[in-house]
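User: I'm new to this one and would like to learn how to read it. Could you walk me through it, feature by feature?

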Amino acid sequence: SAPSTLTGKDEVSRHRTLQDGVWVTFKGGVYDITEFVAMHPGGDKIMLAAGGAVEPFWALYAVHNQDHVLEILSEYKVSVY
Ligand code: HEM
């Protein structure tokens, strides 16, 4: 799907717990990864990016620089910012 809703970064920042939902941004997209958190191969570290951008963390953990990681992320796209 191609979400067209514009979501502000302030709204993204309000989604950083499993209770409120876990949203992240990546290259202009907003992703609701709440359901993925428990499946993350890197465990709870994923919560460090909750409510904000994943790029700084993926720069440190280059394991994410693979097509299959982006395919996973794309399933959770809910908006753009
Ligand atoms: C591994 C996805 C955020 C740390 C992985 C892998 C996937 C993934 C698919 C396995 C890659 C492979 O081995 O081929 C994601 C997604 C994220 C996210 C979709 C956000 C939406 C983060 C963040 C951190 C992190 C924010 C750190 C702060 C790690 C680490 C591993 C890993 C350390 C390696 C685990 C291991 O092999 O022992 N992640 N990740 N991830 N991730 Fe993430």
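**Reading the model step by step**

Analyst: Let's start at the ligand: 19 residues surround it, and the closest are Pro41, Gly42, Lys45, Ala49 and Phe57. A residue is near a molecule if its C-beta atom, placed from the backbone, lies within 6 Å of it. Keep in mind that this is a predicted model, where local features need pLDDT of at least 70, side-chain atom pairs count only at pLDDT 80 or more, and totals for chains, interfaces and linings use all residues. Residues are numbered from 1 along each chain as its sequence is written.

User: Which helix gives the most to the shell around the ligand?

Analyst: Helices (H or I, at least four residues) and strands (E, at least two) are DSSP runs, numbered from the N terminus. Here helix H3, residues 67-74, gives the most, with three residues.

User: How do I read the sheet, and in what order do the strands come?

Analyst: Strands of a sheet pair through backbone hydrogen bonds, either parallel or antiparallel. We call two strands paired if DSSP finds at least two bridges between them. In this model four strands form an open sheet, ordered E1-E2-E3-E4, with antiparallel pairing. Strand E1 (16-17) and strand E4 (77-80) are the edge strands, each pairing on one side only.

User: How many bridges join E1 to E2?

Analyst: Two bridges join them, and Arg16 stands opposite Val22 in E2. A hairpin through three residues links E1 to E2. Next along, E2 and E3 pair over four bridges, with Phe26 partnered by Gly29 in E3. Finally, E3 (residues 29-32) and E4 share three bridges; Tyr31 has Lys77 in E4 as its bridge partner.

User: Is Lys27 buried or exposed?

Analyst: A residue is buried if 20 or more other C-beta atoms lie within 10 Å of its own, exposed if 12 or fewer, and partly exposed in between. Lys27 is exposed, because it has 10 other C-beta atoms within 10 Å.

User: And which residues form the largest nonpolar core?

Analyst: A nonpolar core is a set of buried Ala, Val, Leu, Ile, Met, Phe, Trp, Tyr and Cys residues joined through C-beta atoms within 7 Å. The largest one has 10 residues, among them Val12, Trp23, Val24, Tyr31 and Ala49. Its largest share, three residues, comes from E2.
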